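Please keep the structure open beside you as you read.

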Amino acid sequence: MNPPISMSQNIKSKSHHQLIDDESDLTAKGRISEIELDNELCKKQQALSLAYTEIYFPHKPYDVQLKYMESVVQTLDRKHNALLESPTGTGKTLSLLCASLGWLTKHRKEQQKTNNPTKLRIIYASRTHAQLKQVAQELKKTVYKPNVSVLGSRDQYCLRGDFYNIKGNLLNQNCRKVVKANQCQYFKKDVVMFMALQYKTLINSLEEAKQFGYKNKICPYYFERQRLDEADIILLPYNYLLEKDFQDYVNIDNSILIFDEAHNVQSTAEEGSSFFITQNIIIEAEKDLEKWIDELETVPIFYEQLKVKLNQAKLYNELKEYRSIVITIRTFSQYLEQLKQQPIFTLQDTNEKYQILDARQIQSLIFQYTSDEDNTFRLWNDSVLTNYAKGITRNNIARYLSHCMILIDVMSELSQFPANHFESWTKFIMNVYDLIRVEDEREKQKQSLSSLQNQFNQYKLSFMIDVANQITIYMWCLEPSLAFQRILSKNIHSVLLTSGTLSPMQSWTCELRMNFQTQFQSPHIINIQQSLIVFQHKQFDFSYQQRNNDEQFNRLGQNLLNFSYVIPNGILVIFSSYSLMFKFRSKLTSSKLLFRLNEIKHCLWEPQQTGEMQNVFELYKQHSKKGAIMFAVQRGKVAEGIDFSDELCRAVFLVGVPYPPKQDHKVSQKMEYLEKIYNDPEFNDQDRLRSQEWYCQQAIRATNQALGRVIRHVNDYGIVFLCDKRFEYTDIKKGFSEWVKTALKPWVNDDEVLKQTKAFYNRTDNNFQTPSQKIMTEEKSSQQSEVKKRNLKLFGLKCQKQLEKLKSDSQYDIEEQEKPQYLQIESKQVCETEEKQQFEQSEINFTPSQGKNKIKIQIQSNKAQVDDQIVNSALNQQKLNQILNNDNNTDQFNYFTSQKDFFSSIKQPQQQSESQRKGIIKIKQKK
Ligand code: SF4
C-alpha cells in the first residue's frame with residue numbers, strides 16, 4: 001500500500017542547516033504588543049522627530065545619519081523597498097536599528113488603536129553571526145528593548161560535549177534522537193518554554209544565548225526557536241533566508257526584511273537555490289538505507305512504529321519498496337562510476353575535469369539510471385513488481401520521496417545507525433522534483449511560461465571530477481532573483497538592502513528583478529581631504545596575460561619595502577587572487593626582499609583554510625603596533641569580513657583588479673546566461689544586464705569592499721595604493737564609491753608618492769615616530785610592561801597564598817546566606833602579557849556553600865593551561881572584608897589607582913533575581 005497521498009503532496013525538504021524541523025510550529029502568531037523602551041535611557045538620549053516618527057538615538061546624530069534614518073522611515077511609511085548605501089564608519093547599523101525600531105514602535109501603537117491583528121516584525125539578516133554580534137551590541141545602545149530571537153543551526157548551538165565533532169545532518173539526527181528519548185540534559189520542553197517567555201529581550205546574540213544555555217542548562221537552539229513566536233526582531237545570517245526551504249519552516253509573512261552587508265546578496269541568493277551531491281554521499285546513502293531496512297526486518301518495535309506512522313496493518317509490501325529504493329541508489333552510483341570513464345570531460349587548470357549540460361537533463365538521467373530491472377527481479381524472485389522496480393519515474397517520484405521521508409522520520413529517532421547520507425540523497429531528489437513540478441504545472445495548465453518562469457532555464461547542470469577522482473553533480477542556479485521571487489510571493493512589508501558598497505545601484509533592479517523605490521547614497525562622515533589619499537599607479541598590470549612579468553613583481557616588492565619605512569603600524573596588501581599572491585610570495589622570497597621586509601614589518605599571509613584565519617589575525621594584532629603586513633586576497637575574510645580599524649590598517653595596497661576568473665566555468669556559464677537574457681526580446685531593458693557589465697560590477701564591488709578596510713570610523717585615516725593601471729578603466733573607476741573618487745591622486749613617481757605619504761602620516765599621526773624615536777619608545781614601553789607584568793604576577797601569587805592560608809584555617813563561621821551570590825573580578829588592560837589574557841579570562845567567585853555556613857572562593861581560569869591554578873577556600877564575610885581592607889597587604893594591590901578604589905569597588909551584590917546577582921570589580925591600571 002502507498003503512503004497517504006496527502007503526505008506525498010506535503011513533502012517538505014529539510015534545510016541542511018536544519019534550522020527548524022517538523023517538531024516546530026513556528027508561525028507569526030505572537031501577540032501584538034508595544035515595543036518595550038528603556039525609560040531611563042529615553043531621558044538621556046536624543047529624541048528626534050523624523051518624517052513624523054519619534055526616533056531615539058544614543059547621541060547627537062551626524063547629518064548623514066539623520067538622512068539615512070529619514071530614508072528608512074519614509075520607505076517603511078510607504079511600504080517601499082530600498083537600497084541604502086552608507087560607507088563603513090558612518091554608524092549605519094545603529095541608524096538602521098533606531099529608525100526601523102522607532103518606526104515599528106509607532107506602527108504597533110497605531111495598530112493597537114485600530115485593533116489591527118496582524119503582527120508586523122523585523123527580520124534582520126546579515127552575512128554572518130559575527131556580524132550579527134555587532135548588530136546585537138548596537139541594539140544594546142538603543143532605548144529599544146524588542147523581543148529578540150537569534151536563529152542558528154544546531155552546529156552552532158549544540159552544547160553537548162559528546163556531539164562536539166558531529167555536524168550537519170548527522171548532528172540533527174542525533175539531536176532528534178536524544179530529545180525524543182529524553183536523554184539530553186539541556187532539553188526539557190517545559191523549561192525551554194518557561195525560559196523563553198521569561199527572557200524575551202536582552203539575549204541578543206549567538207554567544208549570549210550559548211552562555212545563557214550553559215549557565216541555565218538549557219539548549220540555546222530550542223530556546224531561540226521558542227522565542228521566535230514572540231519575537232519583534234529576528235536576527236539571522238542571510239543565507240538562511242535565501243535558502244530554498246526556509247519559508248517552509250519560518251513564516252515570513254508580515255515582515256520587514258533587512259539585509260545588512262548586502263553587497264553579497266546576489267551570490268548568496270544563487271547559492272541558496274543551488275544544490276549538489278557527491279558520489280561518496282550516494283555510495284554511503286545506499287549503505288545507510290540497507291542498515292535501516294535490516295533493522296526494520298529484525299527489530300519488531302521499529303517495524304511496529306513504522307506501521308503506526310503509515311497507518312497500515314501490514315508492511316510486507318512496504319519493505320519490498322524500501323529494498324527497491326536501495327537498488328535505485330546503487331544503480332545511480334554505478335552509472336556515475338561508468339560515467340567517469342567516458343571521454344566527455346574537459347580538464348581545467350586546477351586539474352579538475354568538468355562537463356556542463358542543460359539542467360533539464362537531470363530528470364532524464366535520474367529517470368534513466370535509477371532503474372535496474374534485472375537486479376530487482378533477481379532480488380525478489382517473484383512476479384510482483386515494486387513501485388520502484390523501474391527506478392524513479394515522473395509518475396512515482398512524489399511517492400518515492402514520501403517513502404524516503406517517512407523512513408527518515410521514523411528511523412532517525414529509533415535506529416542506532418545514522419543515515420545522514422540517505423537524507424542528503426533524499427534532499428537532492430527533492431530539489432530535482434521541485435523543478436520538475438514547475439514543468440508539470442505548466443503542462444497541466446497548458447500554459448506557456450516565459451523563459452524565466454521555467455526554472456530549469458535558470459540552472460546549469462555540471463558534472464565535476466575532482467583530483468581525488470570523485471564525481472560531484474552540481475545544479476547551479478544562475479538567477480539570484482529566484483530566491484527573491486520566493487520571498488516576494490509572501491506578504492512582505494518592505495525589503496531593505498544596505499551596505500557600504502552597493503554601487504553601482506542600477507544593477508540591483510536587473511539582478512533581483514524587483515523595484516527599489518528608495519535609493520539612497522550617503523557621503524562619508526570623515527573629512528576626506530584630511531583622512532584619506534587614494535594613489536593610482538599607472539604602470540602595474542597584473543592581468544592574467546601579464547603575470548609572468550617578473551620585473552613588476554620586483555618593483556612592487558621594492559615599493560612595499562620603501563613604503564613600509566614610512567607607513568606606521570599595520571598594512572594590508574590585497575591581491576586579486578590566491579594564485580597572484582602565491583606568485584608574488586615566491587618572487588619576494590627568491591629575491592630576499594621578504595627577508596628585508598620582515599625586518600621592518602612582521603609579514604603574515606591569509607590562509608586558504610578559513611578555520612586558521614583567527615590565529616593569523618591574532619598574531620597580526622599582536623604585531624601591528626610595532627608594524628605588520630597582512631597579505632590577503634579579494635573576497636576573503638581580510639578583504640570583507642574582519643574589522644581592521646586604526647593601527648590595524650594604516651594603508652591598503654590593492655594588487656590586481658578583482659575581476660571574476662573567466663576561466664572558471666561557473667563564471668563563463670553565468671556570463672553566457674546573462675547574454676541569453678540580454679538578447680531575449682521577452683525582457684525589457686530594466687531586466688537586462690550585459691554580461692560584461694556584470695563582470696565589471698563584480699570587480700567594482702570587491703574593490704569597494706577592500707577600500708572600505710582603511711576607514712572604519714570617524715577618526716580613522718589611511719592611504720590606499722591602487723597597484724594596477726586597469727583601475728583607471730572608465731567602467732571600473734566610475735563604479736568607485738563617491739568618497740573614494742574624491743580622494744584619488746595620480747602616482748606621479750615613486751619618490752613623489754613616498755614624500756606625500758610621509759607628509760600625510762606626519763601630519764595625521766602624532767604618534768608616528770622616526771625609527772630612532774621608535775626604539776626609545778619601545779625600550780620605555782618594554783620597561784613599563786615589565787613592571788606591570790611583575791605587579792600582576794605578584795597579585796596572583798599573593799592572592800593564591802592568601803587563599804591557601806585560609807584554606808588551612810577552618811575557624812571561620814559566617815551568617816548563613818540563603819542563595820549563592822557571586823562577585824566576579826575582571827581585569828581590564830592590566831598589561832600586554834599573556835598573564836593579562838589568563839587573568840582576563842579568570843573568574844573569582846565568592847559563593848556561600850549552601851548548608852556549610854561558608855563562603856567558597858574560587859579562582860578559575862577558562863584557559864586550559866592554568867586550570868591547575870584553581871584555588872578553593874572558605875571564609876566568612878567579615879574575614880573577607882578584613883583581608884581586603886588589611887593595610888599590610890599593600891603590595892598585592894599596588895597597581896590599582898588606589899587601594900581605596902579597589903576596596904570601595906567591592907559591593908554586596910544587589911538583591912536581584914538569582915542569575916542576576918553579580919557584582920563586578922574592575923581592576924584599573926595605575927596611571
Ligand atoms: S537538544 Fe541537546 S543535542 Fe539537541 S542541540 Fe540542544 S544540546 Fe544539542
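A nonpolar core is a set of buried Ala, Val, Leu, Ile, Met, Phe, Trp, Tyr and Cys residues joined through C-beta atoms within 7 Å. A residue is buried if 20 or more other C-beta atoms lie within 10 Å of its own, exposed if 12 or fewer, and partly exposed in between, with C-beta atoms placed from the backbone. Two points of reading come next. Residue numbers start from 1 along each chain, following the sequence as written. The model is predicted, so to speak of local features a pLDDT of at least 70 is needed, side-chain atom pairs count only at pLDDT 80 or more, and totals for chains, interfaces and linings use all residues.

The largest nonpolar core has 134 residues, and Leu235 and Ile258 have the most contacts inside it. At least three residues come from each of domain 1 (36-165 + 185-268 + 485-521) and domain 2 (273-481); these bounds are from an automatic or database domain assignment. A second, separate core holds 64 residues, including Phe535, Ala632, Ala639 and Val740. In soluble globular proteins, nonpolar side chains tend to be buried together.

Which residues does Leu235 touch, leaving aside its neighbours within four places in sequence? Two residues are in contact if their C-beta atoms, placed from the backbone, lie within 7 Å. By that rule, Leu235 is in contact with Tyr124, Leu132, Val135, Ala136, Val148 and Val150.

Now turn to the chain as a whole. Buried residues account for 42% of its 927 residues. It has 37 helices and 28 strands, where helices (H or I, at least four residues) and strands (E, at least two) are DSSP runs numbered from the N terminus. Among contacts between residues at least 6 apart in sequence, 79% join residues at least 24 apart.

Leu170 is partly exposed, with 17 other C-beta atoms within 10 Å. Beyond four places in sequence, Leu170 is in contact with Pro418 and Asn420.

Tyr659 lies in the loop between strand E21 (651-655) and helix H29 (665-678). Tyr659 counts as buried because it has 21 C-beta neighbours inside 10 Å. Apart from neighbours within four places, Tyr659 is in contact with Tyr695, Gln698 and Ala699, and the C-alpha atoms of Tyr659 and Tyr695 are separated by 6.5 Å. Gln112, in helix H4 (residues 92-114), is exposed, with 12 other C-beta atoms within 10 Å. The peptide bond from Ser503 to Pro504 is cis, with omega near -5°, and Pro504 is found in the loop between strand E15 (492-499) and helix H22 (506-512). Arg513, in the loop between H22 and strand E16 (518-521), has a positive phi of about 50° although it is not a glycine. Tyr52 has a phi near 65°, again positive in a residue other than glycine, and sits in the loop between strand E2 (46-50) and strand E3 (53-57). Tyr52 is exposed, with 9 other C-beta atoms within 10 Å.

Finally, a word on confidence. The mean pLDDT of the chain is 77, and 76% of its residues reach 70 or more; pLDDT is the predictor's confidence in each residue, from 0 to 100. Over residues 1-30 pLDDT stays under 50, and over residues 809-927 it is below 50. Where pLDDT is low, the predicted coordinates should not be read in detail.
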